[in-house]
Amino acid sequence: MNRRPRRNRKSESIRNLVEETSLSVKDLIFPMFLVDGISKKIAIDSMPGIHRYSIDKMLGEIESCLNLGIQAFDIFPAYPDSLKDTIASESYNPETFYLKALREIKKQFPEVCLMSDVAMDPYSSDGHDGLVRDGKILNDETLEILARMSLAQADAGVDIIGPSDMMDGRVGYIRELLDESGFTDTSIMSYTAKYASAFYGPFRDALDSAPKFGDKKTYQMNPANSKEALIEGELDTDEGADFLMVKPALSYLDIIKLLNDRFSLPIAAYNVSGEYSMVKASVERGWIDNDRAMLEILLSMKRAGAKVILTYFAKEYAAYCKGG
């Protein structure tokens, strides 16, 4: 035999030489959950190892992550029902605890890349990502709310706005308002191909943001579709997005590759709560090894073409790289 591929696998040093895909802490964004109050660190039962933090506790957690090399954070707010209404008005209240926390994070750690979430569901009494009227999710009427929310977050110091709502035209609408208001340097990471997935359950537990009726299938994508992702990618690129995101990641590695092959913008993958939690549940039962599964999952996303990965494994991976 003239060709023996096993020769390039015979030792760790040679395997390292020919390794095709590399993963770095610098590739990761750590999603975190914020609650109002002081001295709060609340475990999320459906996401072992993940917590809701009040801002004072979150600042300490961010500092520990920075010491491990994590540089980017995506902050999601958990609001009580008493602050929710049908038009998500709390989302652009300059004195709301979420915006005040974003300002404090950038004040304490100006070097971090701070990302925020743009969608109505954390603030909506209906639990949907868009404005509801007569049982329907209104697209164009939602855009003004999303843009006001984006402007408030940019004013709070956010580096990357993350529209996760899947309303048509929202990237262009937000980009125009940001530019007109002087926030030309604020980036947009569009949730370009966000699928109507079964893997969001633990996240909705964390934020208490499940829809109060129906589902999200009229705006989130059908898991059966891939060509539709190209339509969304082309629209978001034309409208001014700086990143294109695929969510979830594990069941949609083909979509990550599809967008990466077609578009020059960096592709992000969201390793979502259900993907994280099913690993943790299996680890608790002794069925799989945590570190090996974590590495294999994250590598698969990079191999598929993701430049950026949002993952709840971020701190674990960083500690693993440090040998801790």
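The legends below describe close-up views of a predicted model. Local features are taken only where pLDDT is at least 70 and side-chain atom pairs only at pLDDT 80 or more, while totals for chains, interfaces and linings use all residues. Residues are numbered from 1 along each chain as its sequence is written, and side-chain values use heavy atoms, with hydrogens and water left out.

**View 1. Packing of helix α8 against helix α10.** Helix α8 (residues 253-262) and helix α10 (residues 290-304) pack at an angle of about 30 degrees, and their axes are 8 Å apart; axes are lines fitted to C-alpha atoms over the stretch in contact, with angles from 0 to 180 degrees between N-to-C directions. Helices are DSSP runs of H or I with at least four residues and strands are runs of E with at least two, numbered from the N terminus. The two helices α8 and α10 are therefore roughly parallel to each other, a term used for angles under 35 degrees. L253, I256, K257 and N260 of α8 meet S300, M301 and A304 of α10, where contact means heavy atoms within 4.5 Å.

View 2. D236, which belongs to helix α7 (residues 227-239), is buried at a relative accessible area of 3%; buried means under 20%, exposed over 50% and partly exposed in between, with a 1.4 Å probe and protein chains only. The side chains of D236 and S190 are joined by a polar contact of 2.7 Å, that is, a pair of N or O atoms within 3.5 Å, of which, within protein, one must be able to donate a hydrogen and the other to accept it, residues adjacent in sequence counting only if both atoms are side-chain atoms. Beyond its neighbours within four places in sequence, D236 also has R170, V171 and T192 among its contacts.

**View 3. D74 in strand β4.** D74 lies in strand β4 (residues 72-77) and is buried, with a relative accessible area of 0%. Leaving aside neighbours within four places in sequence, the contacts of D74 include P31, D117, Y191 and L310.

View 4. The peptide bond from K247 to P248 is cis, with omega near -5 degrees, and P248 is placed in the loop between β10 (243-247) and α8. Most peptide bonds are trans.

View 5. A88, in the loop between β4 and α3 (97-108), has a phi near 55 degrees and counts as buried at 0% relative accessibility. D134, in the loop between β6 (131-133) and β7 (136-138), has a phi near 55 degrees but counts as exposed at 77% relative accessibility.

Conventions: Angles under 35 degrees count as roughly parallel, over 145 as roughly antiparallel, 65 to 115 as roughly perpendicular and the rest as oblique.
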